[in-house]
Amino acid sequence: MDMNKKSPSTSRIVPLCAAWFLPNDPQARTGRKVFAQQRIPGARFLDIDAVKDGDSPYPHMLPTAERFAQAMSELGLKRDDNLIVYDTYELGIFSAPRVAWMLQVFGHPKFHILNNFRLWVDQGYPTDTGEPLSDTQESTNYPVPTFDADRVIAFRGVRDIVKEQGRKGSEGVQIIDARSAGRFSGSEPEPRPGLSSGHMPGSINLPLQEILDAKTKAFLPQEELQKVFQRKGLDPDKPIVTTCGTGVMAAALDTALQAAQFGARVDRRVYDGSWTEWAQRGSESDGLIEKS
C-alpha cells in the first residue's frame, strides 16, 4: 500500500520490520525473536515498545520528535529513504500500520506498507534468518522532524466527543474500536491485568480481523473494505476517530479507511492512548465506560 508519494525515485529502498505481539501472547513471542527467525534481506527492526514516550504511563504513546529522530538515526535510516514497513508471518497485518502512521505523523516523505509478509514468504520471495550483524549498520543523522498534531487526538478530545454525542450542533464524530467483540462488550478481559474491558459510549466495534482476509491476513481489497464500513453504518462524510487497546490496531483501521478511500484523510484521527488510557482515566460511574 502506497501511503505517501513525495520523495524522488532515486531514494534508497529499506525494509522496516514492525513486528509486535500482545503482552499476553500464549507462545511468548516477541517482535525481536521473529525478526531474527525470518525477515526480508536488509531489513531493520523498529521496536514500538522502545520507540515511544518513555515518560507516559501508557504503553505506546508517540515519542517526541527528538526521540523519533534518534531511533531513526540508530537504525541507520535517512529522511529520503523509501521505507517498506511490514509485519510478522504469524499474525499478518497488525503492527506495521502503527509504524507507518508514526512515520506519517513525523512527516517521513515516502513509505509503504507491505500487504503482507505472509504472502511474501508463501510466494517464495527471499528471506534471511539469524541475528543481523549490528556492525554492518552505520548510524545516520536523521533530522528532528515536525509533529503533525492533526493526525492525533488525545483523551480530552475523545472525552468531549463522547459527552457531546447526540447534542444539537455536534459534529457527529464516529468512534471505531478495533478490539475483539468480547473486549468491546466487556465479556472478555483485557490483555493487561487489572484493566477493565468495555467500550466508549456510542462507539462502533470493528475488530481488526473483519478487514483482513481470513487466510492470508492481508488487507481486503478496496471494494470489500468499503462494504465492511458500510455494513457498520459508517458515514464517509463525517469525521472518524479510530481506537483499540494501545493505538496499534487503531492505526490499522486508519490505514484500511485510507486504502478504501472511505472519507477524507483530514477527517480521521487516531486516539493514541486508546483503551489502555481510557479505562484508567474513565469509569462506568462517570459515564465513560459501557458494558453490554
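Tutor: A helix here is a DSSP run of H or I with at least four residues, and helices are numbered from the N terminus. Keep in mind that this is a predicted model. With that in hand, H8 is followed by glutamine 261, whose phi is positive, near 55 degrees.

Student: Thanks! What makes H8 "mostly covered"?

Tutor: Buried means under 20% relative accessible area, and 10 of the 12 residues of H8 are buried. Among them are Val248, Met249, Leu253, Asp254 and Leu257.

Student: Why does glutamine 104 count as buried?

Tutor: Its relative accessibility is 9%, and the cut-off is under 20%, so glutamine 104 is buried. This residue lies in helix H3, residues 96–105.

Student: What makes the pair glutamine 104 and arginine 151 a polar contact?

Tutor: Such a contact needs a pair of N or O atoms within 3.5 Å. The side chains of glutamine 104 and arginine 151 are joined at 2.6 Å.

Student: Now the helix pair: why is H5 called roughly perpendicular to H9?

Tutor: The axes of H5 (residues 155–164) and H9 (residues 274–281) come within 11 Å and cross at roughly 70 degrees. Angles of 65 to 115 degrees count as roughly perpendicular, so H5 and H9 qualify. On the H5 side the contact is made by Phe155, Val158, Arg159 and Val162, and on the H9 side by Glu277, Trp278 and Arg281. These residues divide into four nonpolar, no polar and three charged.

Technical notes
Residues are numbered from 1 along each chain as its sequence is written. This is a predicted model: local features need pLDDT of at least 70, side-chain atom pairs count only at pLDDT 80 or more; totals for chains, interfaces and linings use all residues. Side-chain values use heavy atoms; hydrogens and water are left out. Axes are lines fitted to C-alpha atoms, for helices over the stretch in contact, and angles run from 0 to 180 degrees between N-to-C directions. Helices (H or I, at least four residues) and strands (E, at least two) are DSSP runs, numbered from the N terminus. Angles under 35 degrees count as roughly parallel, over 145 as roughly antiparallel, 65 to 115 as roughly perpendicular and the rest as oblique. Contact means heavy atoms within 4.5 Å. Ala, Val, Leu, Ile, Met, Phe, Trp, Tyr, Cys and Pro count as nonpolar, Asp, Glu, Lys and Arg as charged, and the others, Gly among them, as polar. Buried means under 20% relative accessible area, exposed over 50%, partly exposed in between (1.4 Å probe, protein chains only). A polar contact is a pair of N or O atoms within 3.5 Å; within protein, one must be able to donate a hydrogen and the other to accept it, and residues adjacent in sequence count only if both atoms are side-chain atoms.
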